[in-house]
Structures are given as structure tokens and as C-alpha cells.
Amino acid sequence: MLPQRTSPPSQGQGHALVILIKVTFVCLICGSSYLAGSLWGRHSIELEMHAPMSVGNMIHGSFTGAEGTVDDKKSNSNVDCKKVEEELIELQVKEELAKHKKNTEADNNGSKTSQQSRRFPKTMEKFANGIGRINKDKLDEFFDFGNPQNKGDGTGQEDALIIYHSKGALPEDKNVAHSVQFDDGNGLPLLDPQTATQNCDAMNVVFTANPGNTRQCTALVGNYESYHIQRWMRVDTVKGTPIDPSLPLSLVSRGYASRGKANFYAPPSDTKYSPVRRHWGQLKTFLQNVDKIMEDLKPILEKVARNNAVVVLTVNMGQSSLLMNFVCSARRRGFDLGNVLVFPTDVESKKLAEGLGLATYYDEKNFASMPSGEAKRYGDKNFKAMMYAKVLCVLYPLLLNYDVLFQDVDIVWYKDPMPFFQDPTSKNAKFDVLFQHDGSDQVRYAPYSANSGFYYVRANKRSQYLFTSLLYHSDLIITWDSHQQVLVQLLAEHSSLFGLNVKVFNRDTDYFPGGWQFHQRKDFMKRLIKGETDSYIFHMSWTENKDNKLLFLRQLGEWYVNEQCVGKSADDILGGSELPEGMPLVEPCCAAEALFSCHYKDKPSKLPCKESGTIDKSNRSWW
């Protein structure tokens, strides 16, 4: 006998039918909007009376006259298309729950009790009483965990699992609670984030993937709570071997790669010039002088800061041309750089920065012994020396309770990024630190892949101690040849230990592109060159040295430094040792328009560079 139909199922099915009709209609509209918009409304005909009606107007039942903008129409159409995704997911959830509800009612009538079994046995009831799944994109949208996400269909990670440790944490709806506890033959139920978590007083969130694409397993062990994950691999850690199926599973560092490289290892301290002893010497100098430095910096920051925030850069003479390009390109676009503070590591770059109209602070006690030449490659001695400067120049303003936007010198601005980070109404306002995505998914950057060359920090106890800890771990920076690698591990630790709220923007966002897009996203770079992205900056990261950065920026049409100033000191440019008042280097050094030239045909360029050579193995033209 068929189970009796009650009002709730009928109402749910009717609502699902309405959603299905709406979704079908909007899908058809979205699918045809580009073509119709191109024919009728994309390029508005300049008439004194009325522009043609667009599909976007038809959808909303309105007509936009000559005053209506194309952006308004695009915005309306985009909202409709976004609703498609949301309503499809909503429909899918309702259909899933309807299936489980039908079986639950049948079970309540006594027809399936003997057939359904618990999803977890009694031997696991202390930590597993039910399981369901949630669309990952919707879950992250609901909570915004801060970790960058691989989103969308086809990733093989579309759904997240939720395990209920106790019966009290189960959803309130009896049908839903039954479906997560019992196997009703319809697989794991798909829940919406609100329903799935409504009775969770606490929730542990675990991010997992499969680095190296190995035959990986995950064991959940009911025990004393741990907020760290042990990693075991079939390797010989003494010899540093790749995975060998003949070996037993052994405990390894979380940075041990499947090919046999250990990315995280303890710094040695057994020699006079070991990383630990060098760190002790640096730390001693810092501690002996920090009070005087803070006293000197306080009036400078009071003058420079806006809305209690400051833009911070550090530079040596070897990288000074990139600083000049940042300033020249920013002034060409009309940005006021009065809230920028440069921490030069030598007198020559201090004079250059001041000659460009920037405020500076030269920390002679800590920076005097640093090399003035540019890094020839990632991780060389000059590179590592500048990493220490990157620690201090952020720590000082934070300790004086100023928010900091730190950026490398190889950046150009399209829009002032400060309002983006300082908007109190933004969903990003809850985060203590916000980072550009690096683009790399190497295990040594897990779990954030935060780029340490562009980030915003809100001054509070958590962020102040984060960068104090980074200072205390500068021996790891020396050992691992990376400021970024150490910072990412501290982000993970401080998020777990102190509740530091970390945000790393998805790498496919328009806002903060960099080297990953430059080298691997041709479609994005073409839109960027055409001015069709909503980007605030471009960061010329993922580039081996300063020379290549300069050439890449030139052929992107983002180089604004006249040739007579590249690599030159202020004395060489002005022909004297005294620096005149004002901004004496702007006129001779900053070009009125971007200086374009071709160098590599296989890299992005504003104009075709088909006659140039290549820098990578491929002989293909980017165009």
C-alpha cells in the first residue's frame, strides 16, 4: 500500500516545480542574453530619444531610456544568472530531502525498519552519530572560512562532508535527522548549510586534499581532541626517499613531499655562522634598539597614516627601479601617495624614495649591514637579507597600533586598494589579515598559499603577536630561504592557537592578480590588457629576478621610468649630493606615458611581440 500523502510533501513538490520552471526560464534567458545583447543593447545606439530595449529590460519588465547604462543592464543580467546557480542547488537539496523523507515515512510505517542500518555502529557513537554532505561553495559562502577555495563543478570536491559527533547536534527536522543517521538506500543526504549546522554548538573544520596525487587515506580517531593532523607516508625519512610501497607507514613532517623532499626542517645551531646564531645576533640588535626606533617612528606615522593605516614598502638600491616604477605609474594615474612609508635598507634608496616625494624611515641599526644589490635569484643571500627587512617594517607600525598594507615594489595600482580593505560594511571586515593568493599549490605553502608580497593587517593583539612570532622565527627564514613559507605556517598555527582570522582571496578573483595569472592565465591577461577586469593591482611575482620583472612590465605597457634613471642613484640623476626640496626626481624620471617594448613573444604583451625570442621552452607566440 502506498504511504498517505500529507500537506508538507505536496507543498514541497509544488515549490520544487515552481523553482524548476523559474530556473529553466532564466537559463534560457542567460543562454541567449549575450547574442541578443550584442544585437540590441551591447553597443548602445546614440539617439536623442530612446535606445533599443535589451533582453535584460525584458526580464525585469522595464524599459531603460537613453539615461540607462550598459553597466546597469549587465548587472541585472548577472544577478539573474547568479540566481540560477543558487536555485539549482536549492532544488537539488529539496529533491534529496524529499527522497529521504519518503523513505523515512515508509520506515515509520514499519515497512523498512529491518532494511535500514545505522550509518555508524554503536562503537563510534562518541564521535560519529550521523553524516551528510553540503555543497562546498555554499558552505564557504555561508561561513567564509578564509581559506582559498577551488570552486565550481568538475573539481571532484563539490561537496563537503559533515559528521555529527552527538545526537544533540543533529538537525531539528526529524526526517533530516533520520536520513543522516540511517542508510535509506539514497546515499548521503545533501543539506543546506543552515540546516546542517543549526544545532552545532562547535564545529571542527578540516581541509584536506591529496598532494602529489598519492594513494592517500584519512583516519578519524575518537580520542583526546587534537587540532593538528599527523601525516604518515611510506618513505625513509633518514634517506629522504620518495614514496615506496614496500616500506611501512612512518610519521613525517607535514611538509614532506611525495617525491622525497622535506620542506620543513629544524635550523642548525652547531656553528658560529649557523642560522640560529645569526638569528640571535639580529635579535639582539633589534631588542637593544627597538624602543628608540619606535620613539622615532611615532611622529612619522602620525603624519603619514590615513584612517589609522599606512602603506608600507621596503627597498634596497638594487630594487630601486621597481620602486620608481610604482611611484611613477601611480602618479600617472592620479593616486595620492601621501600615506606611503618606505623603509629603505641603504642611504641611496632612501634619497631616491624621498626624491620621489615619499616619506621614509631608515632603520640604520638593523639595516646598515644589509647588501644594497638586487637578488639574482629566489632565495639567494640578498633575497634572504631583504626578507628580514620585510618582517621589521610591518612589525613596527603594528606595535604602534597602525593597520598596515604591505606590498612589494614590483606592483602597479589600477585602483587605490585601501578603501577595499577599510570598508567597515564589507564581509572582509572580520578578518585580521588578508592576503593576495600566491597561485602555487605546493605543500610548503599549505593551507593558505598566501603571497607575502601583498597583504593587509589590522592592528590588534593577534596580528601584533603574529609578526612578533615571525621575528622570533627569522632563523627559519634563513634556513628555508623563504619569508613566505614561514609566514604561512605561522598563519595556520596562530589561527588554530589564538583564533587569528585569516583570509586569502581565491586565485581566480579579478581583484589582485599576479605572476600566476601572467604565466598561466592567458584569458585573464587578455582581459586585463583590455581593461576589462575589476583589478586593483598587478603584482609581477613568480619572476626570477629584477631584470625579468622590468622586461615583463615593459611589454605589458606598465613601465613608466625613463631610461636615464634606471639603476641610477639620486646623485647620478641630479648631478649633486644634496637633494632639493619637493619631488625633484619625478620630472626627470617619470614618463608621461607608458614605455612599451617587446622582449618575449611567449609572454603577455599589450601589443603583439611575434618577432621577439622566447624565454620558456615553448616557441609559441602568446598572441
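Me: Where does Tyr472 sit?
Reply: Tyr472 is in helix H13. Bear in mind that this is a predicted model.

Me: Switching to Arg133. Which strand is it in?
Reply: Arg133 belongs to strand S2, which spans residues 130–135.

Me: Why does Arg133 count as buried?
Reply: Because its relative accessible area is 17%, and buried means under 20%.

Me: What does the Arg133 side chain make a polar contact with?
Reply: The side chain of Asp159, at 2.6 Å. The Arg133 side chain also reaches the backbone oxygen of Leu188, at 2.8 Å.

Me: How far apart are Arg133 and Leu191, in sequence and in space?
Reply: In sequence, 58 residues. In space, 6.1 Å from C-alpha to C-alpha.

Me: Now Asp602. Where is that one?
Reply: Asp602 lies in the segment after helix H20, the helix covering 586–589.

Me: What is the nearest side chain of opposite charge to Asp602?
Reply: Lys603, at 5.4 Å. Asp602 is buried and has no salt bridge. The Lys603 distance does not qualify because a salt bridge needs the charged atoms within 4 Å.

Me: Which backbone nitrogen does the Asp602 side chain reach?
Reply: That of Ile615, at 3.2 Å.

Me: What else does Asp602 touch, leaving out residues up to four places away?
Reply: Besides Ile615, Asp602 touches Gly613, Thr614, Asp616, Ser618, Arg620 and Trp622.

Me: Zooming out. How many helices and strands are there?
Reply: The protein has 20 helices and 16 strands.

Me: What share of the residues is buried?
Reply: 48% of the 623 residues.

Me: How much of the contact set with a separation of 6 or more comes from residues 24 or more positions apart?
Reply: Those pairs account for 68% of it.

Me: And what is the accessible surface of the protein?
Reply: About 32,600 Å². Carbon and sulfur atoms hold 52% of that surface.

How values were computed. Residues numbered from 1 in each chain as written. Predicted model: local features only at pLDDT ≥ 70, side-chain atom pairs only at ≥ 80, totals over all residues. Heavy atoms only, no water. Helix = DSSP H or I, 4+ residues; strand = E, 2+ residues; numbered from the N terminus. Buried < 20%, exposed > 50% of the residue type's maximum accessible area, 1.4 Å probe, protein only. Lys, Arg positive; Asp, Glu negative; His and termini not counted. Polar contact = N/O pair within 3.5 Å; in protein donor to acceptor, adjacent residues only side chain to side chain. Contact = heavy atoms within 4.5 Å. Areas by Shrake-Rupley, 256 points an atom, 1.4 Å probe, with all protein chains shown as cover.
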